[in-house]
Each structure stands twice: as C-alpha cells, then as structure tokens.
Amino acid sequence: MDLNDIVRPQDEALKDTATIFSNEKSISKRLYPKDKKFSFRDIIKLLKNFNKIKRTMPSLYRTIKFIKNGQISDKRVMQKEEFAELNKLMKKLGVDSYGWLEIDSDRVFKGKGIPFKNAIVITINMDKNEFKYAPSMEGQIEVMRIYGETGVAANEITDFLRQKGFNASPNHSLGGSIDYCKAGMDAGLGYIGRHGMLITPENGACHRSAVIYTDIENLSDFISSKENHKWIEDFCLSCGKCIRKCPTGAIYETAKINEYGQVTSIDYNKCCSGFKNYGCAICIKVCPFTEVGYEKIKKGFIKK
Ligand code: SF4
Ligand code: SF4
C-alpha cells in the first residue's frame, strides 16, 4: 500500500486553493514508507477491527472534497457565542486539546501551499494500552483509528465554521502540508521531545493532530495558552530513553539544526526501516510522558 499516492490529492487540493506558499527556507514533507507489508495474520486483525478504522479513508476523502469546494466569505470576526458553540462542538468530537497559530511560508512544506494564514491545531488522544506491546498491529490499528477521529473532527469543525459564514479548510491527520508537531508546540499545546513528537499534558506523545486553516482574525480573543512547556527540553536531556530504546538508532543524540534554524530530531530513513510491517511506536511506548504522565513528571522534575 503506498500511502503517498493516497494523501497526494489532499496536498494538491490545498495548493490549488492556496494563498500562502512554501519558500526557500521550507523543509520537505516526509514521505510514508513505500514497502509497507502486512502478513496474512495482520490482514485478519485489520478485518476484525474494521469497525475501529472504518472512518479513516472516508474522512480523508471528505476533507479533500471540503478543500476543493471552499467558500469565499468576508466574515472575519467571531462572536463570543459562536466560539462557545465551537468549543462545545470540539468537546463533543473528542478533541483533547486545541490552539491556534499564524502560518508563514517557512512552515509550509516545500512545493506545497495552504489557503488561509491561521491554523487551528487539534489533538485527540490515543489509547496508551494499545501500545503496550509496540511494535504491534494493535498500535497500528489505534493510530489508524485516531487518524479517522481527528479527520472527522477537522471536517466537522470546518463544516461548522462555514455554516457560520467563515472561511475554513481542513487538513487531515493523514498527510499534512505543514509540520503538525511544530505547529502544535507553537500553538502552546506542548513541547517537542527528543523523539520528535509533540508532548502534551493531556497524553504525552500518545495522540494525533489535524489542522483547520481559516482567516478568522480574532482567535486570540478566545484561544490562548499560558502554560510554559519549555522545561520538557531539560527533562528530555536527563532522560534519553527513546534514544536508547529505538531499534533502528533513528533518534539523534543532539537534534540537527539547518541553516534556517529548523530542527530535525529523527533520521527518517532509519525510522522508516522499522516500519516494515506496521508502525514501530516504541518511542511512544517508552516515553515517561506516556508511561508516567505529564503532571507527575512535572511535579517531580520542577521540584529538583
Ligand atoms: S518509531 Fe521506532 S524506529 Fe522510529 S524513532 Fe520511534 S522508536 Fe525509533
Ligand atoms: S523518552 Fe525521554 S528523552 Fe525521549 S522524548 Fe520522552 S522524555 Fe524526552
């Protein structure tokens, strides 16, 4: 299965409707591994769990449809009552955290584009128990389930915003024209750990994100994050468990910074070599933020 072919139409639809394009500082989007293979036993498990993963692909197709059929409106200011409704909807959709940030060209993956300058980033937690035996098909099924949940949530939020007369376009968790982890960090949802994933107070790195682009101008009236997650950087320096446990040696001891200041924590080719059968996810499993939890670690670490 080549996921790259499946997610490409989303990138193309976003680029066709884009007003913000990548530039020379932009990094390339990581491609999904091409040689992903499922054994007969895996396929049986997938079929048995079809109910859990059945929303993933239809939600991606709906996302693409939404992007292509965007409305153009000049309504830019959200009212308090409208935000209260949005907040209620997000809760109903199972969104565990959300924030927003402004996107500039540097953030857009090379050769891609996005339609509106503001991005609402949402996360939905995965079930930690499904990663107990990672790498496992159970973990992969859970990832696929949450791709579906976040995709549905991004579509529903877009639909809601459009019904209220705003411009909005979703970007599904499967694929993406910007780096969701970095966007989540800069939207105040958490901090990127040494394993390159966004660590949130809600569930460590055990979650998935999606984005809704919009040109609503007063999101800061309603969405702000005061919590400072920078201490995670120091905690990570004292930990390094993901680096020691990574079976392919993919996580850099010291993150690499390119000439434009962009940070890479992972050798993606090495990481992909551990993806042959199903997603590896060992770094999610062993991360103390998954095992112990954000609040307990913070309490113990900040005291020191
Ligand atoms: S997913 Fe597996 S191979 Fe990739 S960085 Fe994490 S532990 Fe390493
Ligand atoms: S395993 Fe340790 S070093 Fe790696 S991201 Fe989690 S806390 Fe940071």
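**Strands, salt bridges and a ligand shell**

Q: In what sense do β5 and β8 pair, and over how many bridges?
A: Strand β8 (residues 207-214) and β5 pair in the antiparallel sense, over four bridges. Two strands pair if DSSP finds at least two bridges between them. The elements themselves are DSSP runs numbered from the N terminus: helices (H or I, at least four residues) and strands (E, at least two).

Q: What kind of model is this, and which pLDDT values apply?
A: This is a predicted model: local features need pLDDT of at least 70, side-chain atom pairs count only at pLDDT 80 or more, and totals for chains, interfaces and linings use all residues. Residues are numbered from 1 along each chain as its sequence is written, chains are lettered from A and ligands numbered from 1 in the order in which they are written, and side-chain values use heavy atoms, with hydrogens and water left out.

Q: Back to β5 and β8. Which residue is the bridge partner of Pro170?
A: Ile212, in β8.

Q: What's the strand order of the sheet?
A: The order is β2-β4-β8-β5, an open sheet of four strands with antiparallel pairing. β2 (97-102) and β5 are the edge strands, each pairing on one side only. On average, neighbouring strands are turned by 25 degrees against each other, direction ignored. Axes here are lines fitted to C-alpha atoms, for helices over the stretch in contact, and angles run from 0 to 180 degrees between N-to-C directions.

Q: How many bridges join β4 to β2, and how many to β8?
A: Six bridges join β2 to β4, and Gly99 has Val121 in β4 as its bridge partner. Between β4 and β8 there are eight bridges, again with the strands running antiparallel. Thr123 stands opposite Ser209 in β8.

Q: Is β4 buried or exposed?
A: Eight of the eight residues of β4 are buried, so the strand is largely enclosed by the rest of the structure. Buried means under 20% relative accessible area, exposed over 50%, and partly exposed in between (1.4 Å probe, protein chains only).

Q: Which β4 side chains point which way?
A: Asn118, Ile120, Ile122 and Ile124 point one way, and Ala119, Val121, Thr123 and Asn125 the other way; all are buried.

Q: New topic. How many salt bridges are there?
A: The count comes to 18. A salt bridge is a side-chain nitrogen of Lys or Arg within 4 Å of a carboxyl oxygen of Asp or Glu.

Q: What does Arg62 meet in a salt bridge?
A: Arg62 meets Glu156, at 2.9 Å from N to O. Arg62 lies in helix α4 (residues 56-68) and Glu156 in helix α6 (residues 137-163), so the pair ties together parts that are 94 residues apart in sequence. Arg62 is partly exposed at 33% relative accessibility, and Glu156 is partly exposed at 26%.

Q: And what about Lys164, which side chain does it meet?
A: Lys164 meets Glu85, with 3.2 Å from N to O. Lys164 is in the loop between α6 and β5 (168-171) and Glu85 in helix α5 (residues 80-92), so this pair ties together parts that are 79 residues apart in sequence. Both count as partly exposed, Lys164 at 25% and Glu85 at 38%.

Q: How far apart are the closest N and O atoms of Asp186 and Lys182?
A: They are 2.8 Å apart, in a salt bridge. The two residues are four apart in helix α7 (residues 180-186), separated by about one helical turn. Asp186 has a relative accessible area of 33% and Lys182 one of 35%. Elsewhere, salt bridges that share partners join Asp11, Lys29 and Lys112 into one network.

Q: Which residues are around ligand 1?
A: Cys246, Pro247, Thr248, Ile251, Ile266, Cys271, Cys280, Ala281, Ile282 and Cys283. A residue is near a molecule or strand if one of its heavy atoms lies within 4 Å of it.

Q: How does that shell divide into nonpolar, polar and charged?
A: Nine are nonpolar, one is polar and none is charged. Ala, Val, Leu, Ile, Met, Phe, Trp, Tyr, Cys and Pro count as nonpolar, Asp, Glu, Lys and Arg as charged, and the others, Gly among them, as polar.

Q: What's the phi of Ala281?
A: Phi of Ala281 is near 70 degrees, a positive value in a residue other than glycine. Most residues other than glycine have a negative phi, and most peptide bonds are trans. Ala281 sits in the loop between α10 (268-273) and α11 (282-286) and is buried, at 17% relative accessibility.

Q: Where is there a cis peptide bond?
A: Between Ala134 and Pro135, with omega about 0 degrees. Pro135 is in the loop between β4 (118-125) and α6.
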